[in-house]
Amino acid sequence: METVTKRTTGWVVMEALRGYGVDTVFGIPGTHNLEFYRPLPALGIRPVTTRHEQGAGYGADGWSLQTGMPGVVVTTSGPGLLNALSAAGTAYCESRPMIILSPGPARGSEFADVGTLHETKDQLAAASAVVEWGRRVMSAAEAVTAVHDAFALFATGRPRPVYIEVPLDLLEQEAEGITPDDLAARAFPPAAAPSDDAVTEAARLLNAASDPVILAGGGSRRAGAALRAVAERLGAPVVTTANAKGVLDENHPLSLGANLRLAAARDRARDADVLLVVGSKLGEAELWVDRLDARGTVIRIDLLPSQIDKNQKADVGIVGDSAASLSALLTALGDGPARTGARVAETLDAVRAEVHELSPVNAALAEVIASTLPADAIVATDSSQIAYWGLMNVLRVAKPNSMPYMATYATLGYALPAALGARLGDPGRPVFAVTGDGALMFSMQEMITVVEQRLDVTVIVVDNGGYAEIRQNEADAGIAPIGVDLVQPDWAALGTAFGGTGRHVSSAGELTAAVQQAQTAGGLQVIHLDQSTFAL
């Protein structure tokens, strides 16, 4: 059967998205959202049908991190939308671009409470409470304008998710009066240039510094080249948040890695005589302490004035795009003698000792896993111990967004769908999901999406028997284990049942062989590692 061409409001919304380069959308077709799906083949947009809308959101986020485009999620009304809002919360907290499209009640039937399918008290309010902005459009022209406004936000403001609700009757109505010019992608002005006075003062302070340090957050991810140039000009070590991991190649001699949460690296930033903070709110979730409380002079670069003094007062605030601001700063620094004494190796040794002291098993296991992975791998993970007690600190990556993660929202179930999205976004790189058994249970159904989409994704599930972190929290609070010791499936058999290949490993040698076999074979590969029996 061939799809009937019908240029509805849903069609022109998708056409507007395609004009900006979006060629992949994530979601689940439903009774009410079919007009979002009708134009996809004609427009050359790939639909990725996940098995849960939360997986669609995390898949879209993983895709977005690799492509630089906003992830697009198509839900149905009511339960479909509400299922996706955890992913929207993730995108909001981590400042990532996302567009969620959903039908809503027909015009005039809002708050009717008459028992229509998927009826929800106020789904616009529910979504708006989570995203940067939510909008219920009342015409095809408004719907197209909402798409343009979303891209304006992503281009000129802090990238965060938006929600566009199209009333069901409007979604299915043929769009009239929408011209090619209306749909054409718009060019947006660059963010305001940073203040010359602020840049000049920052350069003066940095040139006079004896021990400068750079702290890079998620807002620096598109400024890697400029960040590296400033660091090399100053001879300044660079420590990053988890969201900025890899913005400076972690093999670079000035890289302190994404170790801001560890005292050895955090104290290095705190004690600098001049600290340059780029694109970070310096929040507790990234610091693992309430505040940094820097002792020296603080220079902050951020896109928004509201962030300049957040959680840490700045002596000099530079408001502007991070890449443009760093480039201006580099020019203002001028030429200067190369500096030495950054003490990077010394700090990294202290970081490694701290990692092994805080969680010996996870640190050692992470080093084993990291040693088996290809150098250019994308490694998505979860709020699992193997991530925050291990891989985040020991795995060195060369590019930003190589370890999709969500340090602030700290959700479970992210790794697998984010990995499949990352593979779609960058099919030239090997992709892994490394996650705990408890986290994988939240999204294991997306294994079948990997198979259906014919993707090569290897899942390494580190099985510690349940929710080990919460088990320890209970013990620390004087509570005997309650609800944390979980029955495990046969993970390898489960991978095979989903149409992939499953393996159990019990030693570093077996893990290395399993990873090599997985990369050779392709498709869905599931490697189960029982932490209690694994020989370190």
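**Helix packing, salt bridges and a few buried spots**

Helix 4 passes helix 18 in a right-handed crossing, a crossing being right-handed if the near helix is turned clockwise from the far one by less than a right angle, and left-handed if anticlockwise. Helices here are DSSP runs (H or I, at least four residues), as are strands (E, at least two), numbered from the N terminus. This is a predicted model, in which local features need pLDDT of at least 70 and side-chain atom pairs count only at pLDDT 80 or more, while totals for chains, interfaces and linings use all residues. Residues are numbered from 1 along each chain as its sequence is written, and side-chain values use heavy atoms, with hydrogens and water left out.

Helix 4 covers residues 53-67 and helix 18 covers residues 415-425; the two pack at an angle of about 40 degrees, and their axes lie 7 Å apart. Axes are lines fitted to C-alpha atoms, for helices over the stretch in contact, and angles run from 0 to 180 degrees between N-to-C directions. That angle makes helix 4 oblique to helix 18; angles under 35 degrees count as roughly parallel, over 145 as roughly antiparallel, 65 to 115 as roughly perpendicular, and the rest as oblique. On the helix 4 side, Gly55, Tyr58, Gly59, Gly62, Trp63, Gln66 and Thr67 do the touching, and they meet Pro417, Ala418, Gly421, Ala422, Leu424 and Gly425 of helix 18. Contact here means heavy atoms within 4.5 Å. Sorted by class, the residues of this contact come out as 6 nonpolar, 7 polar and no charged. For that sorting, Ala, Val, Leu, Ile, Met, Phe, Trp, Tyr, Cys and Pro count as nonpolar, Asp, Glu, Lys and Arg as charged, and the others, Gly among them, as polar.

Helix 18 is mostly covered, with 11 of its 11 residues buried. Buried means under 20% relative accessible area, exposed over 50%, and partly exposed in between (1.4 Å probe, protein chains only). Among the buried residues of helix 18 are Leu416, Pro417 and Arg423. Two of these names come up again at Ser443, which sits in the loop between helix 19 (437-440) and helix 20 (447-452). Not counting residues up to four places away in sequence, Ser443 touches Gly413, Leu416 and Pro417. Ser443 counts as buried because its relative accessibility is 4%.

Helix 11 brings Ala226, Leu227, Ala229, Val230, Arg233 and Leu234 to the contact, while helix 14 brings Ala323, Leu326, Ser327, Leu329, Leu330 and Leu333. By class, that gives 10 nonpolar, 1 polar and 1 charged residues.

As for charges, the structure holds 21 salt bridges, each a side-chain nitrogen of Lys or Arg within 4 Å of a carboxyl oxygen of Asp or Glu. One of them pairs Arg38 with Glu35 at 2.8 Å, N to O; Glu35 is buried, at 9% relative accessibility. Another joins Glu250 to Lys245, whose closest N and O atoms are 2.9 Å apart. Glu250 is buried at 4%, and Lys245 is buried too, with a relative accessible area of 4%. Arg471 and Asp485 also meet in a salt bridge, at 2.7 Å, N to O. This pair links distant parts of the chain, 14 residues apart: Arg471 lies in helix 21 (residues 468-476), and Asp485 in the loop between helix 21 and helix 22 (491-497). Arg471 is partly exposed at 23%, whereas Asp485 is exposed at 51%. Elsewhere, salt bridges that share partners join Asp267, Arg270, Asp271 and Arg295 into one network.

Two last spots contrast in accessibility. Val461, in strand 14 (residues 457-463), is buried with a relative accessible area of 0%. Leaving aside neighbours within four places in sequence, Val461 is in contact with residues including Thr435, Leu440, Trp491 and Ile527. Its C-alpha atom is 9.1 Å from that of Ala439, 22 residues away along the chain. Gly499, in the loop between helix 22 and strand 15 (501-505), is exposed at 54% relative accessibility. Gly499 and Glu452 are 47 residues apart in sequence, and 9.1 Å apart in space, C-alpha to C-alpha.
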